[in-house]
Amino acid sequence: MSDWKKTTCVLCAVNCGLEVKTEANRIVDVRPDKECPRSQGYACRKGLSIAYFQDHAQRLKHPLKRVGDGFEEISWEQATREIAAKLKDLVNTHGSRCLAYMGGGGQGCHFEAACGVRLLRGLRSRYHYSALAQELTGFFYVQGEAYGRQYLHVFPDIERTDILVLWGSNAWRSHGMHRARPEIMRLAKDPNKLLVVIDPCKTDTALRANIHLAPRPGTDALLLKAMIAMILDARIYDEEYVREHTTGFAEILNQFLNFDVSAALAVCGLEEKEVRHLTHLLAGNACSFRSDLGLLMGRTSTVNSYLEMILINLLGSVGRRGGNVFLGHLVPLGSHTPVEDSENWRTVETGYPAIMGVYPPNVMPEEIMSDKPERLRAVLVSGSNPLRSYADTLAFERAFKKLDLLVTVEVSMTETAALSHYVLPAKSAYEKWDGSFFSWKYPEYYFHMRRPVCEALGEPKEEAEIFTDLADALGLVPDYPSELEAYGGEELSEYGMAIMDFVRDHPASAGALPFVVTKTLGKTLGSAALSLLWAILARYCQSAGAQLERAGHSLSPNVANDLFETIRTTPGDILISVQEMENNLRDNIKTDDGKVHLHIAALDDWVAEINPSDERRALENKDYPMILVAGERTDFNANSLMRNPEWTGGVRACAMRMHRADAARLGLESGMTAVVETEAASLEIVVEVSDSPYPGMVIIPHGFGLDYCGHADGVNVNMLTPAGHRDRLAGTPLHRYVPCRVRRKS
Ligand SMILES: Nc1nc2c(c(=O)[nH]1)N[C@H]1C(S)=C(S)[C@@H](COP(=O)(O)OP(=O)(O)OC[C@H]3O[C@@H](n4cnc5c(=O)[nH]c(N)nc54)[C@H](O)[C@@H]3O)O[C@H]1N2
Ligand SMILES: Nc1nc2c(c(=O)[nH]1)N[C@H]1C(S)=C(S)[C@@H](COP(=O)(O)OP(=O)(O)OC[C@H]3O[C@@H](n4cnc5c(=O)[nH]c(N)nc54)[C@H](O)[C@@H]3O)O[C@H]1N2
Ligand code: SF4
Ligand SMILES: [Mo]
């Protein structure tokens with residue numbers, strides 16, 4: 001038997017297949033998994049450095065309790081008992097709105113979310129904050145309005161597309177798709193295909209593109225409006241698609257008629273004939289769009305996503321072969337929570353609704369500092385590091401110090417953990433059963449349940465188990481028949497029937513079902529996450545029908561159990577479902593009338609604001625005349641996941657890039673130190689002069705400035721990002737457009 005063990009990378013959302021060798025319980029060798037049907041032998045240097053994520057000096061081994069300025073080790077029993085008592089007391093005294101859960105949205109470990117959210121809901125709070133609301137909730141809002149559910153999102157059919165437009169995405173570095181580099185090269189080199197990049201900077205992706213449009217930063221909405229107006233004006237939109245599959249076209253037409261395309265493109269700094277040429281190419285071919293943080297964290301975030309949705313639909317690309325398609329999934333990444341729904345809580349101080357079930361981290365400091373009696377007082381953090389990842393580190397620090405209870409579930413002693421009242425050690429991605437529900441491939445959907453490849457040191461637990469124990473201590477787990485504890489292995493079908501009987505007889509306990517499953521099947525299987533996978537499959541298989549059959553699974557009553565056994569006993573990716581390509585739109589859309597709703601009335605005023613004269617004015621800022629791109633992806637960052645600076649191999653990876661002309665004007669050269677100031681703070685950073693940034697723009701990577709054993713490598717860019725600089729509808733940070741000023745350090 002090979003001593004290579006199959007797993008996946010957990011440093012970014014594409015989760016490439018890896019094979020690792022271990023010695024003395026450490027990962028000593030890593031190679032890309034050639035048999036992984038998604039990544040097919042591709043992995044980047046970060047994945048190959050995964051041993052630095054698994055083993056480092058700050059890994060947590062035991063539950064810790066804050067005592068004075070330090071921590072003392074305590075037992076799980078004490079930790080669970082004390083935290084449960086404090087939670088109960090706070091909720092009883094101040095009401096449920098005082099409690100928030102921040103987590104469940106990491107790059108590779110999604111099985112905690114079911115129990116984390118159930119624990120929150122068991123205590124009657126809805127305040128689930130998540131990294132998804134760092135970037136994607138404006139986009140999800142638009143998807144919900146257009147396609148009927150916020151979790152329905154379209155992604156390019158990359159294998160079949162003729163033109164791929166990467167808009168505000170530096171996929172060469174960030175890998176926003178499977179096998180990003182080979183795929184970018186394939187599209188760029190194939191004479192029948194085109195790779196288009198729309199990005200102010202000459203990024204590594206842009207340098208490889210067949211067409212690169214470089215709009216002035218922050219003018220994407222103007223450019224999108226101009227493209228839509230051109231397409232309508234020239235009547236090159238897909239008339240049949242619009243007639244058959246959409247509503248709201250008349251309203252859209254009204255909004256874009258008489259739009260001054262020339263004036264708009266002058267503000268964007270683009271040649272009208274180049275943009276016109278591109279719109280004609282797009283209209284004549286199977287084109288698809290992959291947008292990322294340049295749009296999502298751009299100056300007009302939600303409106304960018306809205307206009308992009310309109311553009312893609314006018315081109316008739318949605319659901320089409322080679323267009324933007326709905327992918328298969330086992331569970332959606334979140335829940336549909338319409339913003340106007342009366343059940344949808346608003347945040348107490350800032351008034352933001354949940355989108356996709358989650359609230360934006362940007363507002364959390366204000367929610368804690370609020371004077372209102374219902375303010376946040378207790379936060380349960382897992383799999384995120386707000387003190388480095390989220391905007392405005394100083395605001396978070398002040399707010400977290402004011403909390404009555406901060407509990408962090410972590411694999412490492414992070415900056416957030418260091419401020420917490422309790423720190424609970426989680427097993428790492430390589431020590432437990434876990435997986436992600438991200439989905440990028442089409443028409444196949446593969447799922448990889450990682451199995452432990454290393455033994456956990458100390459006494460960490462799976463998060464789902466930690467949350468179950470807390471729920472138990474809080475009395476949130478209903479009584480269940482003791483026979484449920486006896487099942488497992490071959491008797492899965494009987495277990496399934498017993499669970500169904502239990503739910504039928506105790507409908508009020510349905511919400512607490514994940515805890516019952518982890519406490520029963522989870523115990524038998526030795527993993528809470530694995531038992532939750534069984535429950536997910538049981539539910540999924542009830543309605544998946546034809547998708548499952550196309551993947552070769554027979555639709556017997558036992559299909560979920562069979563699939564579960566296959567996943568449990570077969571390392572690597574398992575084919576779960578195959579989408580039917582001819583009816584992708586019809587099979588997936590969930591609006592009442594089965595049509596795409598092009599018009600979102602709630603955004604009318606905002607869309608009207610996007611006009612050349614108002615935008616020209618809005619782009620000027622006398623106090624902060626430069627634009628900071630706060631959080632670039634490079635080969636040497638992976639969110640805040642790589643704490644030991646040695647993993648970069650000694651490369652000085654954290655510097656601020658700026659355009660040659662700006663550097664000359666400010667008297668700066670590579671290697672010199674500059675001072676950057678924003679509304680939030682100022683800091684010093686080493687400069688790297690380059691031709692790639694747009695003039696007037698400075699770029700700092702994220703994921704640096706982590707305190708590693710008393711030393712911080714590079715700077716923490718979130719010192720500079722004001723929490724209030726956020727999308728008006730979704731609250732997502734506008735990290736790609738942070739007004740700043742820069743000077744040479746005197
Ligand atoms: N190496 C590495 N890869 C990662 C991560 C990592 O930390 N490191 N993180 C992962 C995560 S969580 C995510 S969300 C993805 C993000 O992946 P990307 O969004 O691809 O990452 P960015 O580096 O932010 O690239 C955004 C691009 O937007 C451009 N941009 C800036 N301003 C504007 C603008 O006004 N308009 C337009 N059109 N473009 C603009 C920037 O020049 C940049 O090229 O990366 C993932 N991959
Ligand atoms: N300025 C700026 N800030 C940004 C961005 C930006 O572009 N600019 N990008 C944002 C984006 S898109 C994202 S997605 C966020 C990501 O930011 P976060 O949501 O904070 O996520 P990560 O940095 O991936 O991981 C956070 C923590 O999870 C811990 N962890 C790892 N594995 C496990 C595990 O198995 N269990 C538990 N319980 N914990 C674990 C890690 O030790 C780490 O401390 O960063 C955001 N922050
Ligand atoms: S960081 Fe992303 S692209 Fe690189 S190996 Fe890991 S999953 Fe693959
Ligand atoms: Mo992200």
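Modeller: Helix 23 and helix 25 are oblique to each other, a class that covers the angles left over when those under 35 degrees count as roughly parallel, those over 145 as roughly antiparallel and those from 65 to 115 as roughly perpendicular. The model is a predicted one, in which local features need pLDDT of at least 70 and side-chain atom pairs count only at pLDDT 80 or more, while totals for chains, interfaces and linings use all residues. Residues are numbered from 1 along each chain as its sequence is written, chains are lettered from A and ligands numbered from 1 in the order in which they are written, and side-chain values use heavy atoms, with hydrogens and water left out.

Two packed helices are described by the angle between their axes and the distance between the axes. For helix 23 (residues 528-544) and helix 25 (residues 559-569) the angle is about 140 degrees and the axes are 8 Å apart. Axes are lines fitted to C-alpha atoms, for helices over the stretch in contact, and angles run from 0 to 180 degrees between N-to-C directions. Helices are DSSP runs of H or I with at least four residues, strands are runs of E with at least two, and both are numbered from the N terminus. Helix 23 and helix 25 cross in the right-handed sense; a crossing is right-handed if the near helix is turned clockwise from the far one by less than a right angle, and left-handed if anticlockwise.

On the helix 23 side, the contact (heavy atoms within 4.5 Å) involves Leu-530, Leu-533, Trp-534, Leu-537, Ala-538 and Cys-541. Helix 25 meets them with Val-559, Ala-560, Asn-561, Leu-563, Phe-564, Ile-567 and Arg-568. By class, this contact between helix 23 and helix 25 has 11 nonpolar, 1 polar and 1 charged residues. Ala, Val, Leu, Ile, Met, Phe, Trp, Tyr, Cys and Pro count as nonpolar, Asp, Glu, Lys and Arg as charged, and the others, Gly among them, as polar.

Two further helix pairs can be read in the same way. Helix 3 (residues 76-94) packs with helix 20 (residues 463-473) at about 55 degrees, the axes being 9 Å apart. That angle makes helix 3 oblique to helix 20, and the crossing is right-handed. Trp-76, Thr-80, Ile-83 and Ala-84 of helix 3 make the contact with Ile-466, Asp-469, Leu-470 and Ala-473 of helix 20. These residues divide into 6 nonpolar, 1 polar and 1 charged.

The axes of helix 9 (residues 220-233) and helix 11 (residues 249-256) come within 10 Å and cross at roughly 110 degrees. That makes helix 9 roughly perpendicular to helix 11, and helix 9 passes helix 11 in a left-handed crossing. In helix 9, Lys-225, Ile-228, Ala-229 and Leu-232 meet Phe-249, Leu-253 and Phe-256 of helix 11. Here the contact has 6 nonpolar, no polar and 1 charged residues.

Next come the ligands. Ligand 1 has 30 residues around it (a heavy atom within 4 Å), and Ser-174, Asp-199, Thr-634, Asn-637 and Asn-639 come nearest. Its polar contacts, pairs of N or O atoms within 3.5 Å, include a backbone N or O atom of Arg-633 at 2.9 Å from a ligand oxygen. A polar side-chain atom of Lys-46 lies 3.2 Å from a nitrogen atom of ligand 1. Lys-46 also belongs to the surroundings of ligand 3, together with residues including Cys-9, Cys-12, Cys-16 and Cys-44. The shell around ligand 3 has 7 nonpolar, 3 polar and 1 charged residues.

Ligand 2 is surrounded by 34 residues, the closest being Ser-389, Glu-410, Glu-463, Ala-630 and Ser-640. A polar backbone atom of Ser-389 is 2.5 Å from a nitrogen atom of ligand 2, and a side-chain N or O atom of Tyr-390 is 2.8 Å from an oxygen atom of ligand 2.

Conventions. A polar contact is a pair of N or O atoms within 3.5 Å; within protein, one must be able to donate a hydrogen and the other to accept it, and residues adjacent in sequence count only if both atoms are side-chain atoms.
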